[in-house]
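The sequence and the structure come first.

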Amino acid sequence: MERIISARFDIPNADQLDVYLEHGGYRALKKVLTEMTPEQVIEEVKKSALRGCGGAGFPTGMKWGFVPKDSPKPKYLVCNADESEPGTFKDRQIMEKDPHGLIEGILIGAYAIGAHLAFIYIRGEYWYLKEKLERVIDEARQGGYVGRNILGTGFDCDIIVHPGAGAYICGEETALLESLEGKRGYPRLKPPFPASVGLYGCPTVINNVETLAWVPHIILRGGEWFHRLGTEKSGGHRLYSLSGHVVRPGVYERPLGYPLKRLIYEDGGGIRDGKRLKAVVPGGASSPILTAEEAESATLDYEPLAALGTMMGSGAVIVMDEDTDIVRTTYSFIKFFAHESCGWCVPCREGTRWMVKIFERLLRGGGTERDLEMLVTLSDNMFGRTHCPLGDAAAWAVGPAVKKFRADFERYLTRRGAVAAD
Amino acid sequence: MFSQQAEREIDRLLARYPRKRSAIIPVLFIAQKERGYLSDDVLEYVAKRMGLTYLDVVTVVSFYTMFYRRPIGKYNIQLCNNVSCMLCGSEKIQEHIERKLGITFGQTTPDGRFTLTEVQCLGSCGTAPVMQVNFDYYENLTPENVDQILDSLP
């Protein structure tokens, strides 16, 4: 399989402008600015069936198409580099090893929607990457690729790298906008969607790092080519973040529709220490857990994973071996969601904390059958009742885990019996 | 209130964004770097500098975990305990650091050298377990290399 988005990852110094140019860099930008109208760019991306790689999987071309063309307001492009979905570490690879590829994608996206200012909202913990991107943008500016009159075509676009400060919720696009406006990162009610009312009330597109980094490749080789690499509804390849109990964890570029089993056993080298698989979280902490049996036939694509009751998410595959205690891993996830809940919606704020308390009781050995029922009830009642997806994600991290791995949970109940007998 | 360089950097940031208020997070990072933490008088000053109220600033500060309202250790050891790290033994690393330094999460050593903080996923799941010491990443941790890392800090 030809590697595309990760092709430059192994080239030494591909993060430097001259090396990037030697390997095809900024050719797509030049093509777009000299040969294509913004409408043609959007059309090409629509043809590619590229879907957002941050988690929601919304078709990118369609998102760009929603930006009103006749609006007198300035338009903004925001690159979401707030990568914080547990299990996900792919965007970091792009920014580290092929940052100009991201910058080129941002510039093309900005041209397509008519933006002259773009932002990269990067999580504060990636401070070294913030500094790196600032250097890369300066280098691109000196080369005539960023700033005024790019490549002599009259197109202006500047890029600001903006740090977050440790809040998972700011990866949600409207919370990100609030944060970028200098406020607390509370998600906004939708509609209106950011494409019409976004940053400073102006039309705004927010795209994930990987999504934007795919764009130059689509421009150079065509939307249809990209579409054919993937499946009917989802074009191209994805960067999968593989972690947990595998021999070779890491970021792998593989097509949409790739068998989960192959990723774990062929690419990842199988389960560590010759153990057996117990469970897989296929798309980051927000995606419901799969049993080993379900993982057997799963393919990494939106619709097939949805049919299994889970989701593609950010492509972060977390592998758990037979010795894994699902109660402890689920506790870790729910502690995460409780910590990161912004507190705005009651079902999420109270539900996640309530669940944490139940888990702590279970782990202490004081849990009862009713606690397990309550976890499922809470999960059912949080789902769909919050105005951003964090509440759903928290519900999904717990409900399916209790149902599918009930034996793990019941062990804690019998342990309590043992404690009582002592 | 801050060094000349910091004040210049703040001026640059305030001029950089379409709306000044957007600069609040980067400005607060500068303030924190200058003072170590964000005391009330620092927040008052940042508010005045940005044309905001104290309340505007303090409500932002309290939302984000990377801002400190109290002094912390010279080295903030931020250990990830999320699932991928946990599967790769982060709890052992936690126990090791706790024993070594005699502190638990949220505490600072009496000499003010180390603070131990539990953090959420740092995006190093393929090289777990991971910790950040201030802004520096340390990956593939073992009790042995943790000793080395912590002992070699200046």
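## The edge of a sheet

In β10(A), A:L290 is the bridge partner of A:V280. Strands β9(A) and β10(A) are joined by two bridges and run antiparallel. Two strands pair if DSSP finds at least two bridges between them; helices (H or I, at least four residues) and strands (E, at least two) are DSSP runs, numbered from the N terminus.

The model is predicted, so to speak of local features pLDDT of at least 70 is needed, and side-chain atom pairs count only at pLDDT 80 or more, while totals for chains, interfaces and linings use all residues. Residues are numbered from 1 along each chain as its sequence is written, chains are lettered from A and ligands numbered from 1 in the order in which they are written, and side-chain values use heavy atoms, with hydrogens and water left out.

## The whole sheet

The strands of chain A in this open sheet of five follow the order β7-β6-β12-β9-β10, with mixed pairing. Because β7 (250-255) and β10 (290-291) of chain A stand at the edges with a single partner strand each, one side of each has no neighbour in the sheet.

Strand β12 (residues 316-321) of chain A runs parallel to β6 (residues 237-244) of chain A, with four bridges between them; A:G244 stands opposite A:V319 of β12(A). With β9 (residues 277-281) of chain A, β12(A) pairs in the antiparallel sense over four bridges, and A:V281 has A:I318 as its bridge partner.

Six of the six residues of β12(A) are buried, that is, under 20% relative accessible area (1.4 Å probe, protein chains only). A:A316, A:I318 and A:M320 point one way, and A:V317, A:V319 and A:D321 the other. In a regular strand the side chains alternate between the two faces of the sheet.

## Nonpolar cores

A nonpolar core is a set of buried Ala, Val, Leu, Ile, Met, Phe, Trp, Tyr and Cys residues joined through side-chain atoms within 4.5 Å. The largest has 92 residues, of which A:F337, B:L28 and B:Y64 touch the most other members. A second, separate core of 69 residues includes A:L33 and A:I122.

## Where the chains meet

Chain B gives 38 residues to the contact (heavy atoms within 4.5 Å) and chain A gives 58 residues. There are four salt bridges between the chains, each a side-chain nitrogen of Lys or Arg within 4 Å of a carboxyl oxygen of Asp or Glu. A:R328 forms a salt bridge with B:E91, with the closest N and O atoms 3.0 Å apart.

Conventions. Buried < 20%, exposed > 50% of the residue type's maximum accessible area, 1.4 Å probe, protein only.
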